[in-house]
Amino acid sequence: MSEIHTGACLCGAVRYAVEGPLRPVVVCHCSQCRRQTGHYLAATSVPPERFSLQKDESLRWYRASDTAERGFCSACGSVMFWRPLSGHGISFTPGTLDAPTGLAIEGHIFCADKGDYYDVPREGYQRAGWG
Ligand SMILES: [Zn+2]
Ligand SMILES: [Zn+2]
């Protein structure tokens, strides 16, 4: 039997549950993630069949590109979800998970697009082939 993790936005109007195991956290430094979060985005993920929304009254999806959309709480602004339109997997922000997450950062992607005001942290490693 797998572990169940729950998560919520800052105001509690969006709640979700996921069935583990969760993918290790990947930090994305692409320009879309930096614009949306104000810094960079950390995300873990599960296959869509292991994800369920429990409360979504203020959840909004923003179609950020031709291939993916980003879910956030329209009441409090929490950055929560990223999903490809192909339906393969859903990513979510580990900061919205209830503790303990049991997670660790595995690596950083799109490092070439990072902001010029910080260095990519050295924990983990740069995932080969992810930019
Ligand atoms: Zn909220
Ligand atoms: Zn990104």
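Predicted model: local features only at pLDDT ≥ 70, side-chain atom pairs only at ≥ 80, totals over all residues.
Me: Which residues are the protein donors of the zinc ion (ligand 1)?
Reply: A donor atom must lie within 2.8 Å of this metal. Four SG atoms do, at 2.2 to 2.4 Å from the zinc ion (ligand 1). They belong to Cys9, Cys11, Cys73 and Cys76.

Me: How many residues apart in sequence are the parts that Cys11 and Cys73 tie together?
Reply: Cys11 sits in the loop between β1 (4–8) and β2 (14–19). Cys73 belongs to strand β7. The pair therefore ties together parts whose separation in sequence is 62 residues.

Me: Is Cys73 buried or exposed?
Reply: Buried means under 20% relative accessible area. Cys11 has 42%, so Cys11 is partly exposed. Cys73 has a relative accessible area of 1%, which means Cys73 is buried.

Me: What is the geometry of the site of the zinc ion (ligand 1)?
Reply: Four donors count as tetrahedral if all angles lie between 85 and 135 degrees. Here the angles among the four donor atoms are 105 to 113°. The site of the zinc ion (ligand 1) is therefore tetrahedral.

Me: Which residues are the protein donors of the zinc ion (ligand 2)?
Reply: Look for SG atoms at 2.1 to 2.3 Å from the zinc ion (ligand 2). The spacing of its donors along the chain is C-x1-C-x2-C. The protein donors are Cys28, Cys30 and Cys33.

Me: What is the relative accessibility of Cys33?
Reply: Cys30 has a relative accessible area of 12%, so Cys30 is buried. Cys33 counts as buried too. Its relative accessibility is 3%.

Me: Which side chains meet in a salt bridge?
Reply: Side chains of opposite charge can pair when their charged atoms come close. A search of the whole structure turns up one salt bridge. Its N to O distance is 2.7 Å, and its partners are Glu69 and Arg83.

Me: How many residues apart are Glu69 and Arg83?
Reply: The salt bridge joins the side chains of Glu69 and Arg83. Glu69 is in strand β7 (residues 68–73), and Arg83 is in strand β8 (residues 79–84). The pair links distant parts of the chain, at a separation of 14 residues.

Me: Is Arg83 buried, partly exposed or exposed?
Reply: Glu69 has a relative accessibility of 12%, so Glu69 counts as buried. Arg83 has a relative accessible area of 29%. Exposed needs over 50% and buried under 20%, so Arg83 is partly exposed.

Me: Over the face of which residue does Arg83 lie?
Reply: Arg83 has a second contact, besides its salt bridge with Glu69. Arg83 lies 3.6 Å from a ring centre. That ring belongs to Trp61.

Me: How are the rings of Tyr16 and Phe51 arranged?
Reply: The structure has seven aromatic pairs. In the pair of Tyr16 and Phe51, the ring centres are 5.8 Å apart and the planes are at 25°. Planes under 30 degrees apart count as stacked, so this pair is stacked.

Me: In which strand does Phe51 lie?
Reply: Tyr16 lies in strand β2. Its partner Phe51 is 35 residues away in sequence, so the pair ties together separate parts. Phe51 lies in strand β5.

Me: What type of pair do Phe51 and Phe81 form?
Reply: Tyr16 and Phe51 are both buried. The ring centres of Phe51 and Phe81 are 5.3 Å apart, with the planes at 80°. Planes over 60 degrees apart count as edge-to-face, so the pair of Phe51 and Phe81 is edge-to-face.

Me: Which residues do ring pairs link into a cluster?
Reply: Phe51 pairs with Phe81, and Phe81 is buried at 3%. Ring pairs link five residues into a cluster. They are Tyr16, Phe51, Trp61, Phe81 and Phe92.

Me: What is the radius of gyration of the protein chain?
Reply: The protein chain has one helix and eleven strands. For 131 residues the globule rule gives 14 Å, and the chain comes close to that, so it is as compact as a globular protein of that length. Its radius of gyration is 14 Å.

Key. Residues numbered from 1 in each chain as written. Chains lettered and ligands numbered in written order. Heavy atoms only, no water. Donors = N, O, S within 2.8 Å, 3.2 Å for Na, K, Ca; no water. Buried < 20%, exposed > 50% of the residue type's maximum accessible area, 1.4 Å probe, protein only. Salt bridge = Lys/Arg side-chain N within 4 Å of Asp/Glu carboxyl O. Helix = DSSP H or I, 4+ residues; strand = E, 2+ residues; numbered from the N terminus. Tetrahedral: all angles 85-135°; square planar, octahedral: opposite > 155°, others 65-115°. Phe/Tyr/Trp six-rings, centres within 6.5 Å; stacked < 30°, edge-to-face > 60°. Lys NZ or Arg CZ within 6 Å of the ring centre and 35° of its normal. Rg over C-alpha atoms; globule rule 2.2 N^0.38 Å.
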